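Please look through the sequence and the 3D structure below before reading on. The briefing that follows begins with a single residue and then widens to other positions and to the whole chain.

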Amino acid sequence: MKKSVLIIKGHSKTDVELINDRKIIQLYIDFFTSNAGGCFDFDSEIFILEEPELQTIKELAFLNSNDYLILLLVGHGANKDGIQIFQLTKDLLIQPGQLQFECERQLQIIVSCRNVIDFELDIKRINRLIPKYAYGGYIKRPLTREESLIKFNEALANSDKGVVYVFACNIGESAYSYFFLQVLVDVSIYLHEYFREHIYSISDIFGHVEKQVVDLSKGNQTPIKMGDGDFPFVVTII
């Protein structure tokens, strides 16, 4: 399966915000390149743009030939007359829907409309060490990277085609303190390490993430999932 991750960082208003945005992006690079997140190849399958011009995005037309694309948008935004707006650069606002590609499977994770924070995040990088677990009375060998990749690609090939949009918050809400992005990875890594012989889809993950984000924000932030299709997101360690 031909797949890619496209990460676009929109406008960062302060130096601290820029640092935090980049930390979150690195967290997702770690996840997507790990056995848990699909074994994407950093050099050939992951593309990162910071406050790009529209022409730069247009030059990514080669992604249209993909079987699968994950698009992660991190930045400021709002909702105007039911349409989501994303601040690509200091002087340029776009609609995320303009970034839809022609590939048959797309997962768009849109994290915008954030509260500004004035402290640096303490992001725990994913532990790449493979833990050993007792399994049925003996130690079972964890999946290799090659085995994880095969399982992910098989699940992807069998998934329904469509476009899935995941928003960090509902219309009229703010995306607080990167709660959604951090919880999404936290839940995914937990399922990867502590559950067995399963592949969890974005819908499986979203149900857990939604509840935790609502709890953390005291009901002020409700993540939303829309669209057809359902794609693999986490491969368990065994």
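Leaving aside its neighbours within four places in sequence, Ile-109 is in contact (heavy atoms within 4.5 Å) with Ile-70, Leu-71, Leu-72, Leu-73, Val-166, Phe-180, Leu-181, Leu-184 and Phe-233. This is a predicted model, in which local features need pLDDT of at least 70 and side-chain atom pairs count only at pLDDT 80 or more, while totals for chains, interfaces and linings use all residues. Residues are numbered from 1 along each chain as its sequence is written, and side-chain values use heavy atoms, with hydrogens and water left out.

- Ile-109 belongs to strand 7, which covers residues 105-111; helices (H or I, at least four residues) and strands (E, at least two) are DSSP runs, numbered from the N terminus.
- With a relative accessibility of 1%, Ile-109 counts as buried, a word that stands for under 20% relative accessible area, whereas exposed means over 50% and partly exposed lies in between, using a 1.4 Å probe and protein chains only.
- Although Ile-109 and Val-166 are 57 residues apart in sequence, their C-alpha atoms are 4.8 Å apart in space.

- Lys-9 is found in strand 1, residues 3-9, and it counts as buried because its relative accessibility is 1%.
- Beyond its neighbours within four places in sequence, Lys-9 has contacts that include Leu-18, Asp-21 and Ile-25, and Asp-21 and Ile-25 are themselves among the buried residues of helix 1.
- Other contacts of Lys-9 include Glu-50, Glu-51, Pro-52 and Val-74.
- Asp-67 sits in the loop between helix 3 (54-58) and strand 3 (68-74), and with a relative accessible area of 29% it is partly exposed.
- Asp-67 and Lys-2 are 65 residues apart in sequence, yet the distance between them is 5.1 Å, C-alpha to C-alpha.
- When neighbours within four places in sequence are left aside, Asp-67 is in contact with Met-1, Lys-2, Glu-104 and Arg-105.

- Helix 1 has 19 residues (15-33) and should span 27 Å at 1.5 Å a residue, which agrees with the 27 Å between its end C-alpha atoms; the expected span is 1.5 Å times one less than the number of residues.
- Cys-39 lies in the loop between helix 1 and helix 2 (42-45), where it is buried with a relative accessible area of 4%, and it has a positive phi of about 55° although it is not a glycine.
- Ser-177, in the loop between strand 10 (162-167) and helix 5 (179-194), is also a residue other than glycine with a positive phi, in this case near 45°.

**The protein as a whole**

- The protein contains six helices and 13 strands.
- Its radius of gyration is 18 Å, close to the 18 Å that the globule rule gives for 238 residues, so the protein is as compact as a globular protein of that length; the radius is taken over C-alpha atoms, and the rule is 2.2 Å times the number of residues to the power 0.38.
- Along its principal axes, the C-alpha trace spans about 60 × 40 × 30 Å.
- Of the 238 residues, 50% count as buried.
- Among contacts between residues at least 6 apart in sequence, 81% join residues at least 24 apart.
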